Amino acid sequence: MAAIVFTGGAIRIDGRSPDVDRLAVVDGVIAEPRHPVPAEAEHVDLEGGLLLPAFRDGHAHPLLAGRERTGPALRDAADVDEIVGRVRAWAAASDAAWLVGGSYDATIVEGGLFDARWLDAATPDRPVVLHAWDYHTAWVNTAALRAAGVDADTPDPALGRIVRRADGSPSGTLVERPAIDLVLDHAPRPAEEDDVEALAAATAHLAAQGIAWVQEAWTEPHDVPAWIAAARAGRLAVDVDLALRADPTRWPAQVDEMRRLAARISAEPGLTCRTVKFFVDGILENHTAHLLECYHDARTRGLPNWRPAELAAAVAQCDAAGFDVHLHAIGDAAVRAAIDAAEGIRDSLRRGRRLTIAHAQVVDPADLPRLRDLDVGFCFQPQWAMADAVMTELTLPRLGPHRERQYRMRAAHDAGARLSFGSDWPVTSPDVLAGLRTAVTRQDPDGLPAGGWQPEERLTLSDAIDAATSGVALQAGDHDSRGTLRPGMIADLVWLDRDIRSGPADRIADARIRGTWRRGIRTFRDVAATAAH
């Protein structure tokens with residue numbers, strides 16, 4: 001019998017019950033307070049810290065994040081010359097036929113539009129594809145365009161856009177996946193063994209953030225073998241649910257394939273496939289998010305991937321096939337279409353089916369009251385709820401002065417939506433503590449603006465912790481067995497070096513993760529803290 005006893009700190013059971021000062025885990029399950037614990041049980045002194053249910057990430061992309069390890073680090077590059085220099089060094093050290101990497105900061109160039117000729121200076125002969133941090137835009141060099149046969153005569157694909165120069169030739173910026181895939185489909189896919197290493201590194205990093213479960217929010221069929229291989233080899237440090245992407249150009253022919261993939265995955269350790277992912281629209285920064293009214297700076301309402309009636313029908317088909325639904329919806333028109341689709345499966349939602357609207361960046365006020373009678377989840381990325389460079393330089397100019405209200409976490413909570421948190425990693429760091437700080441303060445890491453950005457949308461810390469723990473368990477349908485530390489629950493745990501509830505909110509992210517446990521097995525140990533003792 002494997003057993004662990006935690007003492008010496010505060011232990012938050014579920015945010016409603018009083019804290020306890022002792023918790024026992026027996027065979028991976030939270031024990032009753034008076035349950036006998038064997039003499040050989042491991043004892044963990046929390047050293048005045050805080051024990052919580054392990055964090056859970058309701059929307060992330062570990063495979064993409066892991067793949068970024070093989071290319072140059074670009075996120076902190078301050079200008080084009082710095083990116084080009086790093087790509088040049090990467091090319092010199094690699095013999096790969098194609099160089100595919102990410103992810104650059106689109107705000108360093110006005111409008112986020114990058115030119116192929118700038119990348120040609122790094123390597124003119126080998127194709128280069130760089131993803132922007134949002135993964136809805138890519139920057140390619142001339143060799144990549146040439147290899148894919150993309151030129152002035154190539155029409156924009158449905159649901160994508162080739163940014164062009166004045167003479168009609170492609171500039172080197174590709175917007176949304178159908179346009180990116182015009183080029184990327186010609187690149188060799190990563191080897192399975194390389195993807196297994198990517199997944200091992202990525203999930204270990206998630207465990208180091210106190211995370212025990214993650215919603216992989218974008219899985220293609222060709223990705224599945226690597227996930228299965230990683231699970232069978234014991235290389236996944238977190239439990240994972242794979243969300244298969246619904247392709248509007250192939251729907252509904254995908255449904256049978258999705259059933260087969262889900263059945264194939266069902267027996268794999270720590271891996272499930274219970275969800276279908278819909279990209280209802282794109283993103284505001286490249287004018288592809290779907291808005292009810294035109295953008296402030298462009299005569300377009302965006303680029304919806306699904307017509308509302310088609311989306312509602314597809315969601316109903318997923319429901320009939322036994323899948324939960326996860327909908328990327330950024331613009332207010334996309335969020336409305338997602339809520340409309342939820343209306344179509346209202347009875348299933350009441351019986352336990354899960355429908356989650358991810359991001360929900362702009363919500364029309366008229367749609368908030370509709371949430372009261374719908375069992376719908378909103379999965380927010382709390383680190384986005386601040387006035388950073390992306391917001392001030394790209395997003396707000398697109399929306400204009402009358403649509404500034406974004407990431408309305410408090411309004412959605414009060415309207416009756418179930419809240420969960422995700423990071424969208426690698427778009428944003430999977431640092432849950434940073435997300436909690438932002439959700440509570442609506443400030444950037446420097447504490448700006450004073451009082452918070454749109455402070456009426458701040459959450460209490462208790463609500464934010466719930467969103468990162470039990471809220472994601474509810475999103476996943478695991479709330480009867482995970483997400484709290486009540487007796488009988490699976491022992492997913494995170495140990496913080498301090499009680500973040502008793503200090504100033506702007507210091508929440510200063511806490512350290514001392515340890516993470518998944519199903520009672522330790523997946524992360526703070527080696528530096530252990531060495532100090």
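This is a predicted model: local features need pLDDT of at least 70, side-chain atom pairs count only at pLDDT 80 or more; totals for chains, interfaces and linings use all residues.
Does C379 count as buried or exposed, and at what relative accessibility? C379 counts as buried, at 0% relative accessibility.

C379 takes part in no disulfide. The nearest cysteine sulfur belongs to C273 and is 18 Å away, whereas a disulfide requires two cysteine sulfur atoms within 2.5 Å. By this rule the structure has 0 disulfides. Another cysteine, C294, has a relative accessibility of 27% and therefore counts as partly exposed, since buried means under 20% and exposed means over 50%.

After α9 comes G322, which has a positive phi near 95°.

The next stop is another helix, α13, made of residues 409–415, where R410 is found. R410 has a relative accessible area of 16%, so this arginine is buried. What does R410 touch, once residues up to four places away in sequence are left out? Its contacts are E456, E457, R458, L459, T460 and D463.

Strand β20 can be followed together with its partners. This strand runs over residues 513–518 and is mostly covered, as 6 of its 6 residues are buried. β20 pairs with strand β19 (residues 493–496) in the antiparallel sense, over 4 bridges. In this pairing, W517 of β20 stands opposite L493. β20 is also joined to strand β21 (residues 521–525) by 4 bridges, and these two strands run antiparallel. There, G515 has R525 of β21 as its bridge partner. β20 and β21 form a hairpin with 2 residues between the strands, and in this hairpin R519 takes a positive phi near 55°.

W517 brings in the aromatic side chains as well. The structure holds 12 aromatic pairs. In one of them, the ring centres of F6 and W517 are 5.0 Å apart and the ring planes stand at 90°, so the pair is edge-to-face. Which parts of the chain does this pair tie together? F6 lies in strand β1 (residues 3–11) and W517 in strand β20, so the pair links parts that are 511 residues apart in sequence. F6 counts as buried, with a relative accessibility of 0%. W517 counts as buried too, with a relative accessibility of 1%.

One more aromatic group can be pointed out. Y104, F114, W118 and W139 form one aromatic cluster.

Notes:
Residues are numbered from 1 along each chain as its sequence is written. Side-chain values use heavy atoms; hydrogens and water are left out. Buried means under 20% relative accessible area, exposed over 50%, partly exposed in between (1.4 Å probe, protein chains only). Contact means heavy atoms within 4.5 Å. Two strands pair if DSSP finds at least two bridges between them. Rings of Phe, Tyr and Trp (its six-membered ring) pair if their centres lie within 6.5 Å; planes under 30 degrees apart count as stacked, over 60 as edge-to-face and the rest as tilted.
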